[in-house]
Amino acid sequence: MYAHACIDEMEIESVKIDQWFDLQNRYLQITHVLKATLSQFQLQCTEYHALYALKQEADQAMSINQLQDTVGLSQSAMSRLVQRLADKDGGLIRRCKQGQDKRTVYVRLTDTGDALLEKATAAVNHALADL
């Protein structure tokens, strides 16, 4: 009985590994499509993720730390991303201060960023629908 139990556990583990590989392959396929689609808008996946995350907020703003946690970048990578987005096309985002705490820097989606995000999201939805 013990040998049978070990075989069953190995088969279960093998299924889990296969599922993990399938998930990884699917992720790579989706990422490839997203990169190609977003390149039409001169956006990288992380830039799109940041713009999309800002759009989901009621006031379309987040602290840089919140955005960093959402997008999953290091502090230095987030600083570079924020600078790129602030410099692109006259500013897709802008830095601002909110409330009483003037030490915390927030970033807000601009009208230009919102318009680009809308176009990019339509293209992304279309591209993902084909998968």
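A salt bridge here is a side-chain nitrogen of Lys or Arg within 4 Å of a carboxyl oxygen of Asp or Glu. The views below come from a predicted model, where local features need pLDDT of at least 70, side-chain atom pairs count only at pLDDT 80 or more, and totals for chains, interfaces and linings use all residues. Residues are numbered from 1 along each chain as its sequence is written, and side-chain values use heavy atoms, with hydrogens and water left out.

**View 1. Glu 47 meets Lys 88 in a salt bridge.** Their closest N and O atoms lie 2.7 Å apart. The pair links distant parts of the chain, 41 residues apart: Glu 47 sits in helix 2, and Lys 88 in the loop between helix 4 and strand 2 (93-96). Helices (H or I, at least four residues) and strands (E, at least two) are DSSP runs, numbered from the N terminus.

**View 2. Glu 47 also pairs with Arg 84.** This salt bridge has an N to O distance of 2.7 Å. It connects helix 2 (residues 45-56) with helix 4 (residues 75-87), across 37 residues. Glu 47 is buried at 0% relative accessibility, whereas Arg 84 is partly exposed at 30%. Buried means under 20% relative accessible area, exposed over 50%, and partly exposed in between (1.4 Å probe, protein chains only).

**View 3. Lys 55 and Asp 114 form a salt bridge.** Here, too, the closest N and O atoms are 2.7 Å apart. Lys 55 belongs to helix 2 and Asp 114 to helix 5 (residues 111-129), so the pair ties together parts that are 59 residues apart in sequence. Lys 55 is partly exposed, with a relative accessible area of 33%.
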